[in-house]
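Please keep the sequence and the coordinates at hand while following the text.

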Amino acid sequence: MAVDLLLGLQWGDEGKGKIVDVLTQNYDIIARFQGGPNAGHTLEFDGIKHVLHTIPSGIFHENAVNLVGNGVVIDPVIFKKELDNLKKFDLDIKSKLLISRKAHLILPTHRLLDAASEASKGKAKIGSTLKGIGPTYMDKTGRNGIRVGDTELSNWKEKYRALANKHEAMIDFYAAKIEYDLKELETEFFAAVEVLKELTFIDSEEYLHQAQKSGKSILAEGAQGSLLDIDFGTYPYVTSSNTTAAGACTGLGVAPGKIKEVFGIFKAYATRVGSGPFPTELFDNYGETMGRVGNEFGATTGRPRRCGWLDLVALRYAVQVNGVTQLMMMKGDVLSGFDKLKICTAYEYKGKKISHLPYNIEAENVKPIYSEMKGWREDLTKMNSVEQFPTELNDYIEFLEKELEVPIKIVSVGPDRTQTIHR
Ligand code: GDP
Ligand code: IMO
Ligand code: MG
């Protein structure tokens, strides 16, 4: 049986959580493959709004097993809080939520290193969520990390101590001085590790291999977005993992040939939280309206998201890098009432018109070239079929399909599970 992927095509927060929740009824296993609690995936159903950070977005469905894959980094303290929030739902967590032994742990000192690094960068800061993501992946690739499976070994606390001591020396090295009480943080950390250890740890690549052999269907849930990819994103203003399709292979141990559908998800406009270039960013009433109507505040940090017009140069790039087979357009409802809609179809770059994403997309290098379309006035949030769509919305969708050469199969018209229209 094949594995399908669901990936964000922009700078994150496209609505991945919502769509994974909608699609889970079709799958046996939902697996996160990268990122960590820098993610905030929002689900809404039955009047409840839920934000998940590390736990896959299929957790509320009876039928599916949820797996935290080897490519994910786990902060036991945040994980414990997520589990606490789930208690009232009476889910069978022990059998429904599995953790890869090869996933790396975020230590309290990783978070402190993140804070010291960002504070030292001043204006050049990445705008990190400060969850310790960068330092944890650095220890992973530096071959110093501590993995979930290590906590099952008797000597893991010695390994922890040696690494934490090294981190403390590194924290001192930064120009910016940060205050912290490591003893207190460690008490919380070790208590949370004990809670984590009550869950089921597995050799997840073997589990997934057997699952595929026995015909089980698997959906891999991406975190962040393609433009935050460590290789293909707007470096250095990116996260520290491969958020693109290939990340699912390394983050789960799934062979490339096993991947079938690649669902690419994007907002009908664009947002970014944190620093870094954003060619179509708006500083006017249109941008302000997107932020206000779209409730564009980070699900993890609460920071306001920067807003702008849809950028097809960037989106085309993401479609190519990921091999997207089906598109899903989110938050079309937010654009209701806009008199006009602009879509960036090319950039002016060094005096030339280009339609691919160049190495450098800072404002001084690229100027967006826009097509303009008429907006729609109708409220989309109560609509439940394509037949009810206003002509201008159909025109917008068809224009995007033509430009991107991939069909848009789902149009989301509100945050709730039910506000999802299949085309
Ligand atoms: P994720 O990180 O990709 O899972 O996305 P987030 O949950 O961080 O951000 C998406 C936000 O938009 C959440 O608050 C969702 O509840 C909300 N949302 C998702 N789809 C829609 C939609 O079609 N319309 C509106 N208005 N909100 C949506
Ligand atoms: P989801 O999965 C949006 C951004 C941060 C920052 C940069 C690096 O909810 O879409 P990091 O904490 O990884 O060091 O931050 O990446 N970022 C996200 N932006 N959605 C996310 O996740 C993000 N995860 C990280 O704002 O600019
Ligand atoms: Mg999010």
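At 15% relative accessibility, Gly-149 counts as buried, because the cut-off for that class is under 20%. The model discussed here is a predicted one. Gly-149 is located in the loop that runs between helix H5 (133-141) and helix H6 (156-173). Its C-alpha atom is separated by 37 Å from that of Thr-271, a residue 122 residues apart from Gly-149 along the chain.

Ser-57 has its place in the loop between strand E4 (48-52) and strand E5 (65-68). With a relative accessible area of 0%, Ser-57 is buried. The side chain of Ser-57 is joined to that of Glu-221 by a polar contact of 2.7 Å.

Lys-16 places a backbone N or O atom 2.7 Å from an oxygen atom of ligand 1. For Glu-14, a backbone N or O atom lies 3.1 Å from an oxygen atom of this ligand. Arg-305 contributes through its side chain, with a polar atom 3.2 Å from an oxygen atom of ligand 1. On its own, ligand 1 has 590 Å² of accessible area, of which the protein covers 94%.

Among the 20 residues around ligand 2, the nearest are Lys-16, His-41, Thr-129, Gln-224 and Thr-239. By class, the shell of ligand 2 comprises seven nonpolar, ten polar and three charged residues. Thr-129 has a polar side-chain atom 2.5 Å from an oxygen atom of ligand 2, and a polar side-chain atom of His-41 lies 2.7 Å from an oxygen atom of the ligand. In the case of Gln-224, a polar backbone atom is 2.8 Å from an oxygen atom of ligand 2. The protein covers 97% of the 550 Å² of accessible area that ligand 2 has on its own.

An α-helix has 3.6 residues a turn, so residues three or four places apart point the same way.

In helix H8 (residues 204-213), the buried residues are Ser-204, Leu-208, Ala-211 and Gln-212. Viewed down the axis of H8, they fall within an arc of 95°, so they line one face of the helix. Just after H8, Gly-215 adopts a positive phi of about 85°. Helix H10 (residues 285-293) has Gly-287, Met-290 and Gly-291 buried. Their arc around the axis is only 95°, which puts them on the same side of H10. Asn-285 and Arg-292 are exposed residues on the face of H10 turned away from its buried side.

Finally, some points of backbone geometry deserve attention. Most residues other than glycine have a negative phi, and most peptide bonds are trans. Asp-13 has a positive phi, near 60°, and is placed in the loop between strand E1 (3-8) and helix H1 (16-23). At 21% relative accessibility, Asp-13 counts as partly exposed. Leu-130 also has a positive phi, near 60°, and lies in the loop between helix H4 (108-121) and H5. Its relative accessibility is 39%, so Leu-130 counts as partly exposed. A cis peptide bond, with omega of about 5°, joins Tyr-235 and Pro-236. Pro-236 belongs to the loop between strand E10 (218-221) and helix H9 (245-252).

Conventions. Residues are numbered from 1 along each chain as its sequence is written. Chains are lettered from A and ligands numbered from 1 in the order in which they are written. This is a predicted model: local features need pLDDT of at least 70, side-chain atom pairs count only at pLDDT 80 or more; totals for chains, interfaces and linings use all residues. Side-chain values use heavy atoms; hydrogens and water are left out. A residue is near a molecule or strand if one of its heavy atoms lies within 4 Å of it. A polar contact is a pair of N or O atoms within 3.5 Å; within protein, one must be able to donate a hydrogen and the other to accept it, and residues adjacent in sequence count only if both atoms are side-chain atoms. Accessible areas come from the Shrake-Rupley method with a 1.4 Å probe; for residues, only the protein chains shown count as cover. Ala, Val, Leu, Ile, Met, Phe, Trp, Tyr, Cys and Pro count as nonpolar, Asp, Glu, Lys and Arg as charged, and the others, Gly among them, as polar. Helices (H or I, at least four residues) and strands (E, at least two) are DSSP runs, numbered from the N terminus. Buried means under 20% relative accessible area, exposed over 50%, partly exposed in between (1.4 Å probe, protein chains only). The arc is that of the directions from the helix axis to the C-beta atoms.
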